[in-house]
Each structure stands twice: as C-alpha cells, then as structure tokens.
Amino acid sequence: MSDKRQRARVQGSWAKPLPKQPRAAAGAVSNVNSPASWSIGSEQKPFDFQQPTKNVRDAPAEQLIDCAGDYDISRGPSGVSRLRLTPGFLAQQEADWIFTKLLAELPWSQKTNYRQGDAYEEPRLTCWFGELPYTYARSTLAPNTQWSPLLLSLREKVQEACGAGCSSFNSLMCNLYRDCKDSIGWHSDDEASLGPAPTIASVSLGDTRVFSLRKQPPPEENGDYTYVERVRVPLSHGALLVMEGATQDDWQHQVAKEYHDRGPRINLTFRTMYPEPQGHRPGSKLRFTANPS
Ligand SMILES: O=C(O)CCC(=O)C(=O)O
C-alpha cells in the first residue's frame, strides 16, 4: 500500500475527504496568537471566554468495596450505615454444591407487583420462607415454613458470623437472577414489618453481580439523585454482605441489568420480620421510597 493510501486509511475503512474550508477573505487575520475566534462560513466572530459564575458541581466519585471488612458508608442523624463484606464466606466447593441444590429444589416463581394500579412481573424469580407473610410493592408472599435442612444450616452459619443482634433471623427472601436481564430496582428494605434499623444478611451464589447503593438525597434536592454518594459492591460466589444500622433509612440499593452475558445467580437475604404494626396497611414503609421492580 502506498504511503499516501496508508495514511488515508482510518480504522479499517477509508477516510472521507475533508470538506473544503472557505478561503479567508483577503486581509482576514488567521493567527493563533490573536484573540479566540470562531467562524460560520466565512463570517468571523470574536469569542470571549467567560469564567462560569456558578460553581460547577461534580457528583462524588463512586466508592468500590470489594475486600473483606466493615465499612461505615455514612454517619447521619439516623445513625451509622454499615456494610460488612466477607467474600468467600462459603468455600468454593460448598458454594457450588449449595447453588446447584437450591437452583433445582427451591419453589421459584415470578411475583406480580403493582405500581399506581398497574400490574407488572418482577424481572427475577423469588421464594419466601418465614412464619409471617411479606408484603412489598402491593403484593404479598404467603407464609412458608418449609425451611429445608440446608437452609436451616445456612441460617445457623450466617447468624454465627453476624454475631450478637443477628440471632433471630426468622425469614428468608430468595432471589434468582436467571441471566443478565434479571434485576431488582432501587429500593430500601424499610417496610414497617422489618422494624427500625434492620440488619439484613445476604449470601450470594453463582455468577457475580454488582450490588449498588445510592444515598438518599437531602430534602432540598427534591428527590434528585444526581449528586448523591454511590457505592458499588461486586458480590461473588459464596460472598456474605451484611447491611446494618441506618443503611435502609439513608440508602437505597439495586442489582441492575447488565449488558454482558451473566449466568444464573441466587441471593439469599436473611431478615427478622415482625407482625405488621396495628393500623398499618400491609407492606407500608417506615418512610416513603419508590417501589422496587
Ligand atoms: O440480589 C441482591 O443482592 C439484592 C436483593 C435485594 O435487594 C432484596 O432482596 O431486597
């Protein structure tokens, strides 16, 4: 290939010839040292750079949590929001075996939720264990006390790891993300039936998915999440994540869809449920947040 042709080649295709520049009128100044100017056609206009008067606002950088440890992600009037991550909480072979068994044996089904009167199917499969029903997004998972020996021993192991304050997980929400298109939208686990400042312990099995958190914006932001703090926690096969303190009050979380293939993932969230407070509509929130999807 000639040198000229080689230079004209752009990323595997051929460069289009550049449009002809209008010739500068005779006497027109074309000098990099003169004040900045821009042109439309042959017309030249002076351009004065103005320093912006308003402060330009940057969103805070997203924080990545991917190592074992306790992380205080915020501290506010409602208290400390704490995440405790233990990657490899279950050893690889144990996690493989549990994953295969739960995928095959749990009574997975697709829940129908309601938003402003419209029904929609959750983009994942779920099943629920506990003596009490669990209502969220205007639909109820019926009580189910059929804990298998495997689920009971997992609960034991999780409670031991969580220590004091986690000895009474009486309920388990199981989520199955079949592929990269399955997800759970932004929400907080803050139904009144979970009590104030709930501790929630979540075990992940199968393909890694990103668990994201975003801070609740202050009231003056009118529900705008543009500038809030964000945290990203990749949850791998066998990982344990515990959310504590004010995490459900002050943060929302989600597992978003992904645009690359993902294998199935199971998430088990152990919780302590209380009977719905008297006079409360089932599933009502301690404070208002959007429904998960
Ligand atoms: O799949 C996960 O890691 C999160 C599940 C979740 O947010 C929930 O069950 O409320």
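Predicted model: local features only at pLDDT ≥ 70, side-chain atom pairs only at ≥ 80, totals over all residues.
Me: Two strands pair if DSSP finds at least two bridges between them, so in which order do the 5 strands of the open sheet come?
Reply: The order is E5-E17-E16-E19-E14, and the pairing in this open sheet is mixed. Residues are numbered from 1 along each chain as its sequence is written, and side-chain values use heavy atoms, with hydrogens and water left out.

Me: Which are the edge strands?
Reply: Strand E5 (63–64) and E14 are the edge strands, each of them pairing on one side only.

Me: What joins E14 and E19, and which residue of E19 is the bridge partner of His-187?
Reply: E14 (residues 184–187) and E19 run antiparallel and are joined by 2 bridges, and His-187 has His-253 as its bridge partner in E19. E19 also pairs with strand E16 (residues 209–215), again in the antiparallel sense, over 5 bridges, with Gln-252 of E19 as the bridge partner of Arg-214. As background, strands of a sheet pair through backbone hydrogen bonds, either parallel or antiparallel.

Me: Is E19 buried or exposed?
Reply: Strand E19 (residues 251–255) is largely enclosed by the rest of the structure, because 5 of its 5 residues are buried. Buried here means under 20% relative accessible area, whereas exposed means over 50% and partly exposed is in between, using a 1.4 Å probe and protein chains only. Both faces are covered, with Trp-251, His-253 and Val-255 buried on one side and Gln-252 and Gln-254 buried on the other.

Me: How far apart are Gly-185 and Val-255?
Reply: They are 70 residues apart in sequence, and their C-alpha atoms are 6.6 Å apart in space. Gly-185 sits in strand E14 and is buried, at a relative accessible area of 13%.

Me: Switching to the ligand, which residues are the closest?
Reply: The closest are Asn-175, Tyr-177, His-187, His-253 and Arg-265, out of 13 residues that surround the ligand, where a residue counts as near if one of its heavy atoms lies within 4 Å.

Me: Which strands supply at least two residues of that shell, and which gives the most?
Reply: Strand E13 (171–177), E14, E19 and strand E20 (265–271) each supply at least two residues of the shell, and E20 gives the most, with 4 residues.

Me: What lies 2.9 Å from an oxygen atom of the ligand?
Reply: That is a polar side-chain atom of His-187. An N or O atom in the side chain of Asp-189 is 3.1 Å from a ligand oxygen atom, and for the side chain of Arg-271 the corresponding distance is 3.2 Å. The ligand has 300 Å² of accessible area on its own, and the protein covers 97% of it; these areas come from the Shrake-Rupley method with a 1.4 Å probe.

Me: Where is Glu-258, and what does its side chain contact?
Reply: Glu-258 is in the loop between E19 and E20, and its side chain makes a polar contact with the side chain of Arg-262 at 2.7 Å. A polar contact is a pair of N or O atoms within 3.5 Å; within protein, one must be able to donate a hydrogen and the other to accept it, and residues adjacent in sequence count only if both atoms are side-chain atoms. Glu-258 is buried, with a relative accessible area of 16%.

Me: One last topic, backbone angles: what is the phi of Gln-116?
Reply: Phi of Gln-116 is near 45°, which is positive in a residue other than glycine. Most residues other than glycine have a negative phi. Gln-116 lies in the loop between E8 and E9 and counts as exposed, at 79% relative accessibility. Strand E8 (residues 112–115) and strand E9 (residues 118–121) run antiparallel and are joined by 4 bridges, with Glu-121 of E9 as the bridge partner of Thr-112.

Me: And is Ala-137 buried or exposed?
Reply: Ala-137 is buried, with a relative accessible area of 6%. Ala-137 has a positive phi of about 50° although it is not a glycine, and its place is in the loop between strand E11 (134–136) and strand E12 (139–141).

Notes:
Pairing = 2+ DSSP bridges.
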